[in-house]
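Trainee: Can you walk me through this model? I'd like to look at its pockets and a helix.

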Amino acid sequence: MDGVEKRLTRIFRKDQKTVIVPMDHGATLGPVEGLHDMNRTVGELLKANVDAFVIHKGIARTVDTGSAGLIVHLSASTKHSPDTNRKVRVCSVLEALRLGADAVSVHINVGAPFEAEMLTKLGNVADECHSYVLPLLAMMYPRGPSIQNEHDRDVVAHAARLGAELGADIVKTNYTGDIESFKQVVASCPVPLIIAGGPKAKTDHDILQMVYEANLAGCAGISIGRNVFQHKAPGNMARALITIVHEGATVDQAFRLVSEGE
């Protein structure tokens with residue numbers, strides 16, 4: 001087992017699946033609901049036994065992620081930018097290592113006007129990660145004027161494959177909306193593929209159903225933020241998602257966990 005594989009065991013369980021909660025949204029959106037008291041929210045999610053967190057370097061210095069994997073995010077933009085899809089690099093791989101990172105992540109918007117700049121960043125970060133034996137999570141989203149449907153099978157498959165082609169050890173992308181089309185995306189990506197949660201879902205059932213279907217399609221797990229940390233019971237939602245991903249629970253079984261204690 002090499003160094004990358006050893007670090008990945010901090011993020012993936014023995015079933016080779018993972019439940020990650022990204023909490024890097026404070027840079028993009030500000031201190032939105034669920035992120036005001038990071039220590040409290042992280043503590044609640046640690047009790048639920050999530051596998052890893054994605055956070056920025058400043059938060060990594062002040063928040064204890066306990067036994068969960070630490071993924072330091074290297075990309076940022078804000079909602080106030082004239083081009084929110086232009087993600088720039090704000091942290092080095094070496095700084096992430098100093099903070100005790102088990103992996104780093106970068107955000108790439110495929111099809112955006114500054115795609116070339118972001119792909120250059122991805123390639124450079126992948127090289128640095130290889131030198132330091134550190135896993136790289138590439139968040140590959142089809143976004144931009146040329147993208148008609150961010151959940152289209154072909155564009156999602158292209159974005160996912162692009163991340164793997166340029167050196168990512170894990171790729172995060174959109175769910176395509178149905179099991180059969182997402183099976184094809186999973187099959188065409190040679191590294192573990194996980195799904196994003198997207199904007200806050202209308203109902204708990206919607207997010208559980210998406211995760212259930214993606215799990216059946218063969219994805220390696222999830223990286224879901226707002227639908228967890230902005231939930232009225234974040235720990236319950238995290239537990240529900242964990243039972244689907246790691247235990248193969250049905251949507252109804254998971255939903256009962258969400259409702260516990262309400």
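Trainee: Which residues lie nearest the centre of the largest pocket?
Mentor: Tyr 141, Arg 143, Gly 198, Pro 199 and Arg 226, out of 40 lining residues. A pocket is an open set of points on a 1 Å grid over the protein atoms alone where a 1.4 Å probe fits, with protein on both sides within 12 Å along at least five of seven lines; lining residues have an atom within 4 Å of a point. This is a predicted model: local features need pLDDT of at least 70, side-chain atom pairs count only at pLDDT 80 or more, and totals for chains, interfaces and linings use all residues. Residues are numbered from 1 along each chain as its sequence is written, and side-chain values use heavy atoms, leaving out hydrogens and water.

Trainee: Which helix gives the most to that lining?
Mentor: Helix 2, with 4 residues. Helices are DSSP runs of H or I, at least four residues, numbered from the N terminus.

Trainee: And what is the volume of the second largest pocket?
Mentor: About 240 Å³. A volume is the space filled by probe spheres set on the points, with grid points joined across faces, edges and corners. The largest pocket holds about 860 Å³.

Trainee: Which residues are nearest the centre of the second largest pocket?
Mentor: Glu 5, Leu 8, Phe 12, Gln 16 and Pro 192. Helix 1 (residues 3-8) supplies the largest share of its lining, 3 residues.

Trainee: New topic. Which residues of helix 7 are buried?
Mentor: Val 156, Ala 157, Ala 159, Ala 160, Leu 162, Gly 163 and Ala 164. Buried means under 20% relative accessible area (1.4 Å probe, protein chains only).

Trainee: What comes just after helix 7?
Mentor: Gly 167, with a positive phi of about 115 degrees.

Notes:
Buried < 20%, exposed > 50% of the residue type's maximum accessible area, 1.4 Å probe, protein only. Helix = DSSP H or I, 4+ residues; strand = E, 2+ residues; numbered from the N terminus.
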